[in-house]
Amino acid sequence: MLLAAILFTLGLIGLIARRNLVFVLMSLEIMLNAAGVAFIAAGARWGQPDGQIMFLFILAMAAAEVSVGLALVLQLYHRFKTLDDEAPSEMRG
Amino acid sequence: MDAAFYIASVVAIGATVLTITRTNAVHALLYLILSLLAVAVAFYTMGAPFIAALEVIIYAGAIMVLFIFIVMMLNLGERAAALERRWRTPGMWRGPAILAGLLLIEVAYLLLRAGNATGAAQAVEPKQVAMALFGPYLIGVELSSILLLAGMIGAYHLGMRKIEEMREEHGTHIDEGRVVASGDLVHAGADRADRAP
């Protein structure tokens, strides 16, 4: 559980601190993996298979998320010629 | 058994810290793969061998290969080649190699040790997982299959938009037949016969 919390915090730090979109996606992967670690630890604690099943669902979701996210990164790179995540900010909010 | 879990945890945390502090994307990916492998070892010591195998195959295998492909696609050109020569300095591989060697020693110890398979107090077998997955959680399996289908279609659509834009930008430079063929995977390469080298 402590491992999951530390990994999640590191992923959050990376998500906030980095500006490169590829690093942001990698930090998202770290955070999803940390959530999976928490599920596995809980499942192992009570000896139930439910935790592993939730990890399987997290795995499928991470795969779908990263494929769409990387396609978006490719699109942004071809449109703005940079990976800075503030380049597409055109709303002037 | 606790010691094995803690060693894997320390390796995972150290590799994650190195992941989010690297400036080079490929080095960061190398450390991220190592972090996922360490988490897989931690799963193994927690009594989930099936999930440990899935972590290695899908996370460290498939998803990270996707990342590496994207990083390589974004770094094309002469500038990338010059950077590559500069990165290929001896010693860059030492950090990941040391951490991976630590994990390898740990896995070898766990596998060679006599006794039960995982060593955890209460291991959840893959059979229990499968019985629960295709029993009460069947609707979740169907929903995740729909999610994967949506992800595939979304990635395909976003990837295809690029070709349309290239066609608008370059106009006459791109052969019309090649664009149509590459946009249609079923008939891709059907027009190659008369043009093949």
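This is a predicted model: local features need pLDDT of at least 70, side-chain atom pairs count only at pLDDT 80 or more; totals for chains, interfaces and linings use all residues.

Biologist: How much area do chain B and chain A bury between them?

Modeller: The size of an interface is often given as the accessible area lost when the parts come together. Of the area that chain B and chain A bury, 79% lies on carbon and sulfur atoms. The total is about 4,700 Å².

Biologist: Which residues in chain B lose the most area to chain A?

Modeller: Three residues stand out here, together giving 15% of what the chain B side buries. They are Ile20(B), Tyr59(B) and Leu74(B).

Biologist: How many salt bridges does the rule find across the interface of chain B and chain A?

Modeller: Let's take polar contacts along with them: two residue pairs are in polar contact between chain B and chain A, both at pLDDT 80 or more. For salt bridges, the rule needs a side-chain nitrogen of Lys or Arg within 4 Å of a carboxyl oxygen of Asp or Glu. Across this interface the count of such bridges is zero.

Biologist: Which helix gives the most to the side of chain B that touches chain A?

Modeller: In chain B, H1 (2-21), H2 (25-45), H3 (49-74), H6 (126-133) and H7 (138-170) each supply at least two residues of that side. By class, the side has 36 nonpolar, twelve polar and five charged residues. With twelve residues, the helix that gives the most is H3(B).

Biologist: Are H2(A) and H3(B) roughly parallel or antiparallel to each other?

Modeller: The axes of H2(A), residues 21-46, and H3(B) come within 12 Å and cross at roughly 175°. Angles over 145 degrees count as roughly antiparallel. Therefore the answer for H2(A) and H3(B) is roughly antiparallel.

Biologist: Which residues in H3(B) does H2(A) meet?

Modeller: By class, this contact has eleven nonpolar, one polar and two charged residues. On the H2(A) side are Val22(A), Leu25(A), Met26(A), Glu29(A), Leu32(A), Asn33(A) and Ile40(A). Their partners in H3(B) are Ile51(B), Glu55(B), Tyr59(B), Ile63(B), Phe67(B), Val71(B) and Leu74(B).

Biologist: Are H1(A) and H1(B) roughly parallel or antiparallel?

Modeller: H1(A), residues 2-17, packs with H1(B) at an angle of about 5°, and their axes are 10 Å apart. Angles under 35 degrees count as roughly parallel. So H1(A) and H1(B) are roughly parallel.

Technical notes:
Residues are numbered from 1 along each chain as its sequence is written. Chains are lettered from A and ligands numbered from 1 in the order in which they are written. Side-chain values use heavy atoms; hydrogens and water are left out. Buried area is the accessible area (1.4 Å probe) that two parts lose on being put together, summed over both. A polar contact is a pair of N or O atoms within 3.5 Å; within protein, one must be able to donate a hydrogen and the other to accept it, and residues adjacent in sequence count only if both atoms are side-chain atoms. Helices (H or I, at least four residues) and strands (E, at least two) are DSSP runs, numbered from the N terminus. Ala, Val, Leu, Ile, Met, Phe, Trp, Tyr, Cys and Pro count as nonpolar, Asp, Glu, Lys and Arg as charged, and the others, Gly among them, as polar. Axes are lines fitted to C-alpha atoms, for helices over the stretch in contact, and angles run from 0 to 180 degrees between N-to-C directions. Angles under 35 degrees count as roughly parallel, over 145 as roughly antiparallel, 65 to 115 as roughly perpendicular and the rest as oblique. Contact means heavy atoms within 4.5 Å.
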